[in-house]
Amino acid sequence: MRPDEQRRSASALRTRTPIISIATGAIGGGALALALLLGAEPSATGMPAHGSARLVNPPAQVEESYGDEAAAALASALDSGLAADDEEKSLQVRTLAVGRGDTLMGVLVKAGAERAQAYAAIQALRAVQNPRRLKPGQEITLTFEADADGAPRLVDVSLDADVERRVVARLSGEGDYKAESIDKPLERDALGAAGMIDDSLYNAAQSAGVPAQVIVSLIRLYSFDVDFQRDIQPGDRFELMYEVLRDETGAVVKSQEILYAKLTAGSKTLSLYRFRHEDGETGYYNEKGESVRKALMKTPVDGARLSSNYGLRKHPILGYTKMHRGIDFAAPQGTPIMAAGDGRIEEAGWNGGYGRYVRIRHNSEFKTAYAHLSRIAKGIRDGARVSQGEIIGYVGSTGRSTGPHLHYEVLRRERQINPIGLKLPTGRKLSGRERLAFQTAKEALDAHYASVLQPTERLVRSE
Ligand SMILES: [Zn+2]
């Protein structure tokens with residue numbers, strides 16, 4: 001099957017009418033299971049389809065063996081739940097989409113289930129899934145059979161628990177419902193994106209179709225080396241490849257880790273590669289095998305604009321010239337603030353002109369402080385451990401402040417220092433056998449990235 005054919009067949013499955021599909025008649029376990037599997041479609045997961053994904057590495061063939069296996073599992077489970085003479089009975093499959101504010105009970109009753117049966121099925125599902133976590137648009141598939149007196153009897157209910165799992169509650173021979181969780185057949189793949197930066201890396205990546213959570217990880221990875229205010233200029237470029245999971249129709253249901261990225265900022269080119277160490281841990285390294293992770297991040301807020309530098313300035317409120325012992329990042333009220341490095345909270349609370357304030361002790365030499373916060377994050381209190389990139393609070397304008405911004409200080413041996421230009425020790429550097437393994441992994445990622453780009457992008461790239 002050619003990739004485009006595969007796309008088409010995938011979208012054909014997706015256009016199935018979401019509200020109700022009813023199949024009546026005596027159908028075998030296999031067909032029933034197939035109907036159930038079709039219910040497990042991506043739109044039901046609440047994950048956005050990957051709109052303008054720039055490249056699509058044709059997913060390897062949709063793994064039919066997986067499908068068969070799952071279908072067989074469902075079929076045999078179904079068979080075991082039905083008495084032998086049920087083959088003669090008529091089964092009815094209904095698929096309903098959850099509406100805003102719907103409860104599982106509400107949906108089941110609306111589909112025609114008797115209250116007591118719906119209640120019992122939901123009780124069973126609780127063992128494998130929190131039935132309160134329904135999303136609007138999510139699909140629920142029910143199977144009914146006609147009772148001796150013609151009343152519909154609920155024989156099973158199935159729905160996606162998340163992108164990786166489907167749960168089913170099934171009427172057993174003893175007349176109660178038993179629930180089980182079935183892993184969906186998902187396949188790993190990689191997506192690539194590239195683009196030119198007009199104003200911010202965030203906006204450029206977003207218009208290239210990169211999901212928000214991948215962009216946030218990208219900014220975090222670069223925040224060790226890049227000051228997003230000073231270093232990024234219009235015309236700069238980025239390249240990115242990240243891991244995704246696809247379902248059996250080939251649709252992307254989940255975005256995972258970044259595998260490779262390259263940022264060209266002015267004359268600087270910063271590449272990073274994900275590398276898995278022998279112990280299974282992963283890290284990000286530049287092309288020379290040096291860890292991109294450093295003791296402190298340069299920018300503790302995503303996408304912030306530097307509004308005031310370290311040094312002498314006329315104080316905006318006090319009026320007289322005063323030494324500004326930190327740097328100010330202008331950012332909208334509520335923008336998350338990250339811990340610049342691993343450490344322990346030394347102070348978290350109100351601190352005079354600083355307003356809501358957090359200070360972290362990183363080691364015997366360095367501390368960082370964050371002021372004017374609108375809110376301190378949950379769990380951030382004296383003595384708490386934090387890790388680099390963890391959200392410690394939100395931008396605000398508390399204390400002596402003229403508008404929402406983060407006042408950020410780096411303290412070295414108890415004294416504020418200018419963090420711009422501060423040379424921080426780099427992290428781990430790969431050597432010996434690991435360096436060789438990294439080189440192989442790096443070349444594989446480079447080749448993979450080149451293969452996931454579309455021809456037009458390759459042209460742009462080689463200009
Ligand atoms: Zn300040």
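Predicted model: local features only at pLDDT ≥ 70, side-chain atom pairs only at ≥ 80, totals over all residues.
**Entry 1: getting oriented**

Helices and strands here are DSSP runs, numbered from the N terminus, a helix having at least four residues and a strand at least two.

I looked up the overall counts and found nine helices and 24 strands in the chain. Of its 463 residues, 36% count as buried. I also checked contacts between residues at least 6 apart in sequence, and 67% of them join residues at least 24 apart.

**Entry 2: how confident is the model?**

I looked up pLDDT next: the chain averages 77, and 73% of the residues score at least 70. Over residues 1-87 the pLDDT is below 50, although this stretch has 142 contacts in the model beyond near neighbours in sequence. Residues 458-463 also stay under 50, with three contacts beyond four places in sequence. I will read both stretches with care.

**Entry 3: the five-stranded sheet**

I traced an open sheet of five strands in the order β7-β8-β9-β10-β11, with antiparallel pairing. Its edge strands are β7 (187-196) and β11 (282-285), each pairing on one side only. From one strand to the next the twist averages 25 degrees.

I zoomed in on one pair. Strand β9 (residues 252-265) and strand β10 (residues 268-276) run antiparallel and are joined by six bridges. As an example, T264 has T269 in β10 as its bridge partner. A note from my reading: strands of a sheet pair through backbone hydrogen bonds, either parallel or antiparallel.

**Entry 4: the helix across that sheet**

Which strands does helix α7 lie across? I found that α7 (residues 212-222) lies across β8 (237-246), β9, β10 and β11, and it runs at about 35 degrees to β9.

Then I checked burial along α7: V214, I215, L218, I219, L221 and Y222 are buried. Looking down the axis of α7, these buried residues fall within an arc of 160 degrees, so they line one face of the helix. A212 and Q213, on the other side of α7, are exposed. The buried residues pack against α6 (201-207) as well as β8, β9, β10 and β11.

**Entry 5: another helix to check**

I repeated the exercise on helix α5 (residues 115-125). Which of its residues are buried? They are A118, A121, I122, A124 and L125. Down the axis of α5, the buried residues fall within an arc of 160 degrees, so they line one face of this helix. R115 and A116 are exposed on the other side of α5. As for partners, the buried residues of α5 pack against α4 (104-110), β4 (152-162), β5 (165-171) and β6 (177-183).

β20 pairs with β22 (residues 391-394) in the antiparallel sense over two bridges. In that pair, I376 has G393 in β22 as its bridge partner.

**Entry 6: around β17**

Strand β17 (residues 343-350) pairs with strand β18 (residues 356-361) in the antiparallel sense over six bridges. Here I345 stands opposite I360 in β18. These two strands form a hairpin with five residues between them, and G352 in the turn has a positive phi of about 50 degrees.

β17 also pairs with strand β21 (residues 385-386), again in the antiparallel sense, over two bridges. There R344 stands opposite R385 in β21.

**Entry 7: back to D382**

Is D382 buried or exposed? I counted 11 other C-beta atoms within 10 Å, and exposed means 12 or fewer, so D382 is exposed.

I then asked what D382 touches, leaving aside its neighbours within four places in sequence: I345, E347 and A348 are in contact with D382. I also looked up R344, which is 38 residues from D382 along the chain. Their C-alpha atoms are separated by 7.9 Å.

Technical notes:
Residues numbered from 1 in each chain as written. Pairing = 2+ DSSP bridges. Axes fitted to C-alpha atoms, helices over the stretch in contact; angles between N-to-C directions. Contact = placed C-beta atoms within 7 Å. Buried ≥ 20, exposed ≤ 12 C-beta atoms within 10 Å, placed from the backbone. pLDDT = per-residue confidence, 0-100. Arc of directions from axis to C-beta.
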